[in-house]
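Please keep the structure open while reading.

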Amino acid sequence: MAEPARVMTSERSSQSATTRPRAQLRPAPDTQDRLADENTAQHLGLARLLELEERLRGCASVAELRFCIANDFRPLFNARQVFVLSRRGRHAWRIETISGAARVERESPFVRALERLISVRIGVGDPPVSGSGSKAPSPNSPDASQAAAHHIALDRAAAAAARSPDAFDTYPFSSGLFVPITRRGATPFAGILVTREAPWSVDAAALVAREARVISDTWAALAGTRARAPRAGGRRALALCALVATALAMALPVPMTTLAPVEIVARDARLVTAPIDGVVETVHVAPNSVVTAGTPLISFVDTDLRNAHELAVREAEVATAQHQRLLQASFSDPASRHQLGIAAAEMRLREAERAYAEEKLRSVIVRAGADGIAVFADRDELLGRPVATGQKLMRLARPGAVEAEVALPVADAILLNEAAQSRLFLDSAPLDALAGDVVSEAYEAEPDATGALVYRVKLRLDPAASPPRLGSRGTAQLFGASVPLGFFLFRRPIAWLRQNIGF
């Protein structure tokens with residue numbers, strides 16, 4: 001019975017020897033707490049990383065995405081400032097968003113120096129940094145540009161490379177990390193620059209590069225075909241094609257046109273002028289009223305004329321009586337026969353004066369010489385106005401006989417061919433264009449109502465169209481000879497240069 005007991009004792013001893021080392025390998029309580037804290041920190045960091053990616057994928061526009069990158073990257077990567085850039089050329093970058101800034105100050109020396117520094121350093125001399133414990137991607141692999149992260153030190157050497165020696169002297173975050181944003185296998189079209197005081201480790205660079213790949217997919221989805229880096233050769237070819245197309249377009253012949261004020265006036269209207277010197281007493285018709293031949297239009301003050309006529313009549317009667325007296329006396333008095341010729345001449349003179357006074361008295365009332373429309377502005381402008389013989393009072397226009405009169409400014413004068421085309425846009429009917437032909441053009445410019453020098457151009461309207469109302473105003477478009485499109489567009493600048501510079 002003793003033998004089995006020894007066996008059991010040996011078994012217990014073997015079990016104790018087996019379990020004793022395991023108890024010795026169990027970590028201490030403080031080590032367990034430290035490992036638990038590290039696991040918790042890793043889980044929290046992973047949760048924050050996933051939350052950032054979720055916010056990035058939830059952006060609705062490129063501008064919102066840039067804002068999210070600039071302001072949400074700082075706490076996750078322990079960065080002090082984040083810059084989001086876009087690519088503008090083969091080696092040209094532009095800062096679009098800065099963390100903590102509402103907008104980018106384009107004229108800031110720091111911003112301009114940082115853009116030049118990125119344009120000089122990226123893709124020229126600084127090698128990318130690969131991730132920890134991993135093999136750097138091959139330059140020919142599709143992910144080479146995506147995994148590239150560039151260390152950029154914002155020191156005096158960087159300021160010298162940016163051609164601004166003092167640009168980064170006062171900037172406190174001297175350690176920068178630039179990560180490009182690109183589509184797979186394509187040239188970068190954007191980039192992220194994160195800065196802080198402490199240097200960037202290889203693991204941190206790999207983590208930022210990973211997030212750049214996530215951003216590239218979201219950015220490409222939001223921007224579509226615009227998320228492509230500009231190609232210098234393609235842009236030059238496009239610019240050359242645009243230049244050639246512009247040059248060919250500038251040579252296309254187009255009709256020279258100009259715009260000028262226009263007014264509808266009567267065609268072949270009869271002028272009503274003052275037959276005598278006098279003062280207007282009465283206007284018998286209203287403006288634009290229809291009159292017939294012989295209708296009284298205007299009456300003058302007749303006091304002087306009536307008195308002059310009465311005096312001429314009396315003088316004519318006296319001369320007639322004197323002639324009769326000498327004629328009777330001539331039969332018996334020889335001296336009376338000698339004075340008879342003088343009395344006859346005096347009588348004829350007085351008769352002529354009476355007839356002239358009577359004619360002037362009849363001219364006190366101005367009558368219409370033909371049927372038409374009395375065209376004048378206002379009665380009050382004529383009443384009481386002294387006028388001279390031949391002064392214009394009104395016009396008699398034929399109904400329906402109208403034409404257009406254009407006041408073409410000297411500065412807008414163009415060469416008009418015979419029967420040049422034109423279009424009229426009246427203020428009363430701006431949607432209806434009236435066609436017209438140039439009938440005549442004044443040789444000399446004359447001042448208009450405002451004192452500006454204008455050429456008077458007469459236009460004949462389309463007889464098939466309904467004639468517009470007299471006095472209507474609007475704008476006329478006159479078509480001249482054909483000229484190249486370049487001259488049509490730059491005629492005024494060329495004229496200004498000629499007049500002011502002589503070039």
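In what order do the four strands of the open sheet lie, and is the pairing parallel or antiparallel? The order is 11-10-8-13, and the pairing is antiparallel. Strands here are DSSP runs (E, at least two residues) and helices are likewise DSSP runs (H or I, at least four), numbered from the N terminus; two strands pair if DSSP finds at least two bridges between them. Strand 11 (365-367) and strand 13 (386-387) are the edge strands, each pairing on one side only. Strand 13 is joined to strand 8 (residues 278-283) by two bridges, and V279 has P386 in strand 13 as its bridge partner.

This is a predicted model, in which local features need pLDDT of at least 70 and side-chain atom pairs count only at pLDDT 80 or more, while totals for chains, interfaces and linings use all residues. Residues are numbered from 1 along each chain as its sequence is written, and side-chain values use heavy atoms, with hydrogens and water left out.

Salt bridges (a side-chain nitrogen of Lys or Arg within 4 Å of a carboxyl oxygen of Asp or Glu) number 25. In helix 9 (residues 303-329), E310 and R314 are four residues apart, about one helical turn, and their closest N and O atoms are 2.5 Å apart. R314 also meets E317 in a salt bridge of 3.9 Å, N to O; these two lie three residues apart in helix 9. Elsewhere, E115 forms a salt bridge with R106 at 3.2 Å between the closest N and O atoms. A network of salt bridges links E403, E405, E446, R456 and K458.
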